[in-house]
Amino acid sequence: FFTVRPVTDYASARAGDAARYAAFFHAMLEQGVYLPPSAYEASFLNAALSEEDIARIGEAAARAMATVAQTGAG
């Protein structure tokens, strides 16, 4: 949710930075990782993912976070 406060309910979820999530979503998409387009949607892992797949997703997330931080999205 791109917030410094814990998200515990709808109000705290709405306080998150939707523009930063959108930037993160698009940065991940550019790397071939498809996330839910809205922070309000659930994301699931499945047993078909290998350890290498999960590591690649983690690396992509780190790059996407760096991109979001550099662009100052939100």
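This is a predicted model: local features need pLDDT of at least 70, side-chain atom pairs count only at pLDDT 80 or more; totals for chains, interfaces and linings use all residues.
1. (Helices, H or I of at least four residues, and strands, E of at least two, are DSSP runs numbered from the N terminus.) At 84% relative accessibility, Val 4 counts as exposed, where exposed means over 50% relative accessible area, buried under 20% and partly exposed in between, using a 1.4 Å probe and protein chains only.

2. Residues are numbered from 1 along each chain as its sequence is written, and side-chain values use heavy atoms, with hydrogens and water left out.

3. Now the overall picture. The protein has three helices and zero strands, giving the pattern α-α-α along the sequence. Its C-alpha atoms fill a box of roughly 35 × 30 × 20 Å along the principal axes. Of the 74 residues, 20% are buried. Among contacts with a separation of 6 or more, 53% join residues 24 or more positions apart; contact here means heavy atoms within 4.5 Å.

4. Phe 2 deserves a look in your viewer. This residue has a positive phi of about 50° although it is not a glycine. Phe 2 also belongs to the segment before H1, and it counts as partly exposed because its relative accessible area is 25%.

5. Ser 12 lies in helix H1, which covers residues 10–14. Its relative accessibility is 14%, so Ser 12 counts as buried. The side chains of Ser 12 and Asp 9 are joined by a polar contact of 2.8 Å. (A polar contact is a pair of N or O atoms within 3.5 Å; within protein, one must be able to donate a hydrogen and the other to accept it, and residues adjacent in sequence count only if both atoms are side-chain atoms.) Setting aside neighbours within four places in sequence, Ser 12 touches Pro 6 and Val 7.

6. How many salt bridges does a search of the whole structure find? It finds one, between Asp 17 and Arg 20, with the closest N and O atoms 3.4 Å apart. The criterion is a side-chain nitrogen of Lys or Arg within 4 Å of a carboxyl oxygen of Asp or Glu. Asp 17 is partly exposed at 22% relative accessibility, and Arg 20 is partly exposed at 27%.

7. The largest pocket holds about 220 Å³ of space. (On a 1 Å grid over the protein atoms alone, a pocket is an open set of points where a 1.4 Å probe fits, with protein on both sides within 12 Å along at least five of seven lines; lining residues have an atom within 4 Å of a point.) Its lining includes Tyr 34, Phe 44, Asp 53 and Arg 56, and divides into seven nonpolar, three polar and two charged residues.

8. Finally, Glu 51 is found in helix H3, residues 51–71. Glu 51 is exposed, with a relative accessible area of 70%. The C-alpha atoms of Glu 51 and Ala 15 are separated by 34 Å, the two being 36 residues apart along the chain.

Notes
Grid points are joined across faces, edges and corners, and a volume is the space filled by probe spheres set on the points. Ala, Val, Leu, Ile, Met, Phe, Trp, Tyr, Cys and Pro count as nonpolar, Asp, Glu, Lys and Arg as charged, and the others, Gly among them, as polar.
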